[in-house]
Amino acid sequence: HSVVSILSSESSSSSGMWAAQALEMNVGKIPSLEAVNGSTVMLPCTYLSCIGIKNLYFNWQFNDNGTMRKVCESVIPSEGVVPHVTVFWDRVEFVGKNYENNISILLSNITFEDGGQYTCFGRNPKEKGKNHSAIFTLIVVYKLRVVDNTLTTMIASAVGGAIALIMGFMLLKNFTLFVLSKLEEKNKECLVTSSGIDNTENGLTGSKAAPKPTPKKK
């Protein structure tokens, strides 16, 4: 790795993204990554300028116990142009290709020494030399931590059981109402039939009138 001294004007940086500036350097909503020793990781960075760019200078730097080591650097003539990038680390590849202002890099076969803070730096000549940067933190571990989902599983099971119980209750309620409605309809039919029979027996409305005898001729 080549050691470079950083001018005081370059020392101002932010963890994430500078706001309310013509040029913004962004390393994502979560500016950190936990990765296993020996794996390959991408260090993300994009830039955004509301006034456009011309000969935008950018570089990646690694904070090695207070000493800033340059990882790679380049100048982007204009948006959409794939720049020629000078890489100072053997295991680094420029993968952003300036596609949609992407200047991310790929770091392969990482070691514990690679863990730390990486600064994505940019300077747009259109802003008269103003510097902007964002910090991304890489954490190298032996193995990824196993998240204990016992509590989450218990909560999900309890919620699922409660929902199933409510659905079962609603189904039982609907079935009971259906049976009661059918019974009520049947009772109404029985009452109508019974009323018709009573009326017939009593000679009331709905019953057949007895035939009158034919008068005899004198």
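Modeller: Buried means under 20% relative accessible area, exposed over 50%, and partly exposed in between, with a 1.4 Å probe and protein chains only. The model is predicted, so local features need pLDDT of at least 70 and side-chain atom pairs count only at pLDDT 80 or more, while totals for chains, interfaces and linings use all residues. Residues are numbered from 1 along each chain as its sequence is written, and side-chain values use heavy atoms, with hydrogens and water left out.

Biologist: OK, how many disulfides does a search of the whole structure find?

Modeller: One, where a disulfide is a pair of cysteine sulfur atoms within 2.5 Å. C45 is joined to C120, with S to S at 2.0 Å. The torsion about that S-S bond is about -85 degrees, so the disulfide is left-handed.

Biologist: Are C45 and C120 buried or exposed?

Modeller: Both C45 and C120 are buried.

Biologist: Switching to rings. How many aromatic pairs are there?

Modeller: Six. Rings of Phe, Tyr and Trp (its six-membered ring) pair if their centres lie within 6.5 Å; planes under 30 degrees apart are stacked, over 60 edge-to-face, and the rest tilted. The rings of F112 and Y142 have centres 4.8 Å apart and planes at 55 degrees, so that pair is tilted.

Biologist: Which residues form an aromatic cluster?

Modeller: F62, W89 and Y118 form one.
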